[in-house]
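Please open the structure in your viewer and keep the selection tool at hand.

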Amino acid sequence: MKRFHLPILIVLLSAIGLGVFAYKVSALGMPLQPDATAETWLVEARVRYQPTGGATTVELRIPNRLPNFSILDEGYVSRGYGLNTLSQADDRVAQWTTRQPRGEQVLYYRATLYRDGDDRSEAEYPGPVAAPEWTEPFHSAAEALIDDVRERSSNIQSFASVLVNDLANAPPASNAAVFIESDDNRTRRTETLIELLATARIPARQVTALRLVDGRRDVEPQTWLEVHNTRRWVPIDPETGTVEYPDDVVVWSHGSAPLLEVSNGENAEVRFAVSRGVQDALATIQRFGETLDTRILDFSTLDLPLGTQNTYRVLLMVPLGAMIIVFLRNVIGIQTFGTFMPVLIALSFRETQLLTGIILFTLIVSLGLVVRFYLEHLRLLLVPRLAAVVSVVIMLMLAISVLSHHLGFERALALSLFPMVILAMTIERMSVVWEEHGPADAITQGVGSLVVAAAAYGLMANRQLEHLLFVFPELLLVLLAITLLLGRYTGYRLTELFRFGRIQDAMRRTD
Amino acid sequence: MPAWLPRFVRPRLLKEQGIVGMNARNARYIAAWNARRFYPRVDDKLQTKQLALDAGLAVPELHGVVRTHRQIRDVRTQLPTYTDGFVIKPAHGAAGDGILVIEGWRGDRPRRAGGRAMELSELDDHMSNILSGMYSLGGRPDVAMIEQRVRFSSIFDSVSYRGVPDIRTVVYRGYPVMAMMRLPTQDSDGKANLHQGAVGTGIDLGSGRTIGGVRYNKPCREHPDSEQSIVGLQIPGWEQLMELAAGCYELSRMGYLGVDVVIDADRGPLILELNARPGLAIQIANGEGLDHRITAVEAHMVARETETPAERARWAAEVFARPENTQRDEP
């Protein structure tokens with residue numbers, strides 16, 4: 001069991017990390033790219049009416065839960081009105097009330113919609129409906145039409161489609177033609193279809209939908225037919241018989257009740273305007289997550305205050321840097337001063353950029369070493385000497401900053417973010433190695449530290465990786481798993497292949 | 001192929017040669033056999049010395065211990081009485097850092113190994129540095145030890161430049177598995193550090209003769225300064241040294257241990273210090289990997305009850321002897 005402990009742990013950690021990551025990417029659609037954008041639609045309903053005196057109530061039907069869109073944001077513009085939203089079956093009703101409106105009144109409702117895939121969720125079957133009472137000749141025509149359609153269909157959905165097509169392409173004097181009226185339009189047709197379907201005991205309902213066309217100021221609401229196939233409501237275009245909504249159609253309200261009702265008002269009308277917006281995908285997903293009933297986004301890094309977020313953006317890169325250090329030390333075999341000093345140096349390189357950072361680091365460490373060798377002559381005790389080196393390092397940093405500011409070299413000002421205590425310790429360690437093992441060793445290790453810091457910086461400054469780790473912090477579990485795996489690596493280091501390669505001539509042949 | 005080009009070798013070849021890499025050493029030997037709680041026995045040289053004395057193992061004599069800055073002044077008056085010289089070393093020093101060897105006196109000034117005369121105040125500073133933790137890991141306050149200067153057996157004078165040749169034996173679970181002698185050169189500034197240009201030569205565990213070694217990763221059969229051969233030198237008191245090394249297992253409880261020994265002209269092999277993380281250069285000096293020998297020890301231990309240090313030393317001398325050296329012993 002002990003032998004499998006670590007492998008199981010590694011598999012478990014990576015499985016959890018990758019699982020949550022995959023869920024967030026595929027189910028929530030969280031963006032993998034830092035600059036990803038998401039398409040949103042702003043739909044504006046504009047209500048206009050002339051008051052006829054007295055207290056007025058305006059009722060506008062607005063969507064509640066949409067099958068293929070989610071409402072990221074909504075707002076009402078209605079000065080001087082009391083606002084109330086009521087839930088009604090599948091929709092909501094926005095109820096504006098006022099006591100004494102004067103002149104033409106305009107009210108707005110705005111919603112930001114985000115397309116989040118098709119919702120095929122099931123709905124309770126309302127049961128077979130009662131057949132309407134037809135008068136002749138409609139009764140026999142309806143019976144004949146329904147029998148005929150039933151012959152040519154296999155289930156409720158195809159029955160409805162065939163029926164829609166029959167009505168759409170009805171030859172004159174056929175059974176279907178009886179039901180086509182002179183003032184035919186989508187709404188009239190839908191009503192007829194619902195009655196005919198009811199004759200076949202099939203529950204159906206009317207739906208008001210909007211077609212999303214960018215920049216349209218006057219979008220005409222469309223009527224759609226929805227048929228219940230005993231499992232869910234299936235949308236059907238009442239003119240063409242096409243099943244399911246196209247991507248650019250959004251359901252606004254259900255039922256045949258009018259969209260707008262105004263008491264004590266006349267010339268009431270509602271107009272819809274649509275415009276397309278492009279938003280930062282991350283913010284969109286975050287708002288979308290709030291509309292969903294998922295716990296995962298409640299614990300997201302994106303909910304933190306902005307300042308804290310920025311801190312964690314940097315901090316979450318540290319495990320990555322640490323893993324690089326493990327790799328470079330235990331698999332490649334580069335020697336560095338201090339185990340994690342290069343990670344801290346790499347963090348400060350984020351501010352100074354690589355080249356400037358390396359120049360400044362080399363400059364400060366070299367000057368610090370000179371001062372340190374001078375301090376050696378003063379024969380100080382260890383801690384006071386370290387304190388003196390820290391002070392000198394800070395003075396050097398200040399001097400370099402002032403100088404570079406005068407020279408107009410502003411980037412060097414980020415120098416103040418260098419971890420000065422770490423620098424001081426590096427200088428101290430380097431001088432001890434210099435004295436005990438010679439300059440060659442000290443410089444090798446110093447350059448090694450810089451190379452490792454540069455490599456760590458290369459990864460830690462990568463925006464893509466930063467985005468991934470910040471938006472999907474569960475990937476840290478995968479990093480942890482890789483680090484644990486590296487912790488069990490007992491093979492040769494790359495530098496050892498070279499070190500022992502050089503002495504192959506001296507190897508005694510055992511055979 | 002130009003000499004400066006990196007010459008890489010396939011990992012499989014190294015494995016066949018039994019070369020132990022850093023990661024394998026850390027995981028398989030140090031982490032597996034060196035218990036954390038026994039580290040102070042090895043890292044604190046004062047404690048090592050005490051344990052060795054209790055166990056009756058030969059070590060350089062301890063003159064005194066300086067624990068506080070106040071004691072520096074007291075010890076200063078005492079130092080000139082050690083006319084044969086003395087050594088000041090930190091109890092927690094690593095890799096030979098902070099060891100100051102005084103060979104004798106020139107008037108009232110101490111004379112360093114290598115001949116340079118110093119001021120007495122420099123000794124004070126050195127002790128002060130040791131106390132403040134300059135040479136200890138993590139900079140923790142330390143104590144300074146003053147001990148007898150080993151009077152080296154003169155037989156290695158022709159093959160060492162100024163400094164002290166020392167003999168490093170790697171002891172695996174009580175069994176000596178490999179040994180090397182480190183000879184200081186002019187390049188290494190009298191230090192026995194292979195990395196700085198000292199010569200490392202492997203030693204045949206059976207006979208205690210050197211077998212020639214490497215310098216700067218190249219095969220080497222002569223000392224670079226004196227041009228004397230470093231092959232076939234007999235180390236005096238070899239059996240004693242092997243027993244001493246094996247005995248260090250009991251006192252340190254370390255399963256993977258480096259034992260550094262110097263040869264005193266009068267007293268023979270003396271334990272200088274122990275190392276819980278002996279490096280891998282010994283493989284280079286011997287031109288052989290440690291792995292096969294360690295496997296042999298493990299196979300031997302399976303069948304064996306606990307053996308005494310003397311038995312272990314004898315077994316190792318027998319099993320790890322090099323045939324070519326034994327043959328040469330016959331006249």
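Select Ala192(B) and then the residues that it touches beyond four places away in sequence, which are Gly163(B), Val164(B), Pro165(B), Asp166(B), Arg182(B), Pro184(B) and Ala198(B); two residues are in contact if their C-beta atoms, placed from the backbone, lie within 7 Å. This is a predicted model, in which local features need pLDDT of at least 70 and side-chain atom pairs count only at pLDDT 80 or more, while totals for chains, interfaces and linings use all residues. Residues are numbered from 1 along each chain as its sequence is written, and chains are lettered from A, with ligands numbered from 1, in the order in which they are written.

Ala192(B) lies in the loop between β7 (175–183) and β8 (199–203) of chain B, where strands (E, at least two residues) and helices (H or I, at least four) are DSSP runs numbered from the N terminus. Ala192(B) counts as buried because it has 24 C-beta neighbours inside 10 Å, and the cut-off for buried is 20 or more. Between the C-alpha atoms of Ala192(B) and Val164(B), which are 28 residues apart along the chain, the separation is 6.9 Å.

Next, select helix α5 (residues 69–78) of chain B together with α6(B), and look for His69(B), Ile72(B) and Arg76(B) in α5(B), which meet Leu120(B), Asp124(B), Met127(B), Ser128(B) and Leu131(B) in α6(B).

Finally, show both chains: 29 residues of chain B are in contact with 25 residues of chain A. On the side of chain B that touches chain A, α1 (11–17), α2 (22–33) and α6 (120–131) of chain B each give two or more residues, and the largest share, five residues, comes from α2(B).

Key: Buried ≥ 20, exposed ≤ 12 C-beta atoms within 10 Å, placed from the backbone.
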